[in-house]
Amino acid sequence: MDPDGAYYKGGPGSKYDNPLALASYEKKTRRDEDKSDLAALITGLQQSGPALENFLFDNINLPAQINYMATIVVSQNIDASDKNHYVYRDSEGTGEWHMTPWDLDLTFGP
């Protein structure tokens, strides 16, 4: 991952369908910028049908995101979607997003 990318730590309530999701993310890099890139991601994920499909293919690093999701399922990390994750954007390169893990205390069950 490019160290110049945007990196956000997801806290409680950081699900894309939560109206307060933006506030629950702590910006770790590129702190001189606002969270408009993350706001655009959250808005894009709320689409449906072909618009969502196009958004995913255009804005998400699908291989990295699929690997993350598969690992979360296999390791039974039960709180990795609502919190306890990072969201990374390759801001200077592809502009694509993907998630990375954080706080694995509930991995393989409580």
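This is a predicted model: local features need pLDDT of at least 70, side-chain atom pairs count only at pLDDT 80 or more; totals for chains, interfaces and linings use all residues.
Colleague: Let's start with the fold. What makes up the secondary structure of the chain?

Modeller: There are 3 helices and 4 strands. Going along the sequence, they come in the order β-β-α-α-α-β-β.

Colleague: Why does the radius of gyration of the chain agree with that of a compact globule?

Modeller: For 110 residues, the globule rule gives a value near 13 Å, and the chain comes out at 14 Å, so the two agree. If you'd like a box to picture, the C-alpha atoms fill one of roughly 35 × 35 × 30 Å along the principal axes.

Colleague: How much of the chain counts as buried?

Modeller: That's 37% of the 110 residues, with the cut-off for a buried residue set at under 20% relative accessible area.

Colleague: What share of the contacts between residues at least 6 apart joins residues at least 24 apart in sequence?

Modeller: It's 57% of them.

Colleague: Now the strands. Why is β4 called mostly covered?

Modeller: Count the residues: β4 runs over 97-101, and 4 of those 5 are buried, each falling under the 20% cut-off.

Colleague: How do you know that β3 and β4 are paired?

Modeller: Pairing takes at least two bridges, and β3 (residues 85-89) has 5 to β4, so the pair qualifies. The two strands run antiparallel. To find the spot in the structure, look for His85, which sits opposite Pro101 of β4.

Colleague: What is noted about the backbone of Arg30 and Gln76?

Modeller: Both have a positive phi without being glycines: about 50 degrees for Arg30 and about 55 degrees for Gln76. That gets a mention because most residues other than glycine have a negative phi.

Colleague: Where are those two found?

Modeller: In loops. Arg30 is in the one between β2 (25-27) and α1 (36-45), while Gln76 lies between α3 (62-74) and β3.

Colleague: Why is Gln76 called partly exposed?

Modeller: Its relative accessibility is 45%. Buried would need under 20% and exposed over 50%, so Gln76 lands in between and counts as partly exposed.

How values were computed. Residues are numbered from 1 along each chain as its sequence is written. Side-chain values use heavy atoms; hydrogens and water are left out. The radius of gyration is taken over C-alpha atoms; the globule rule is 2.2 Å times the number of residues to the power 0.38. Buried means under 20% relative accessible area, exposed over 50%, partly exposed in between (1.4 Å probe, protein chains only). Contact means heavy atoms within 4.5 Å.
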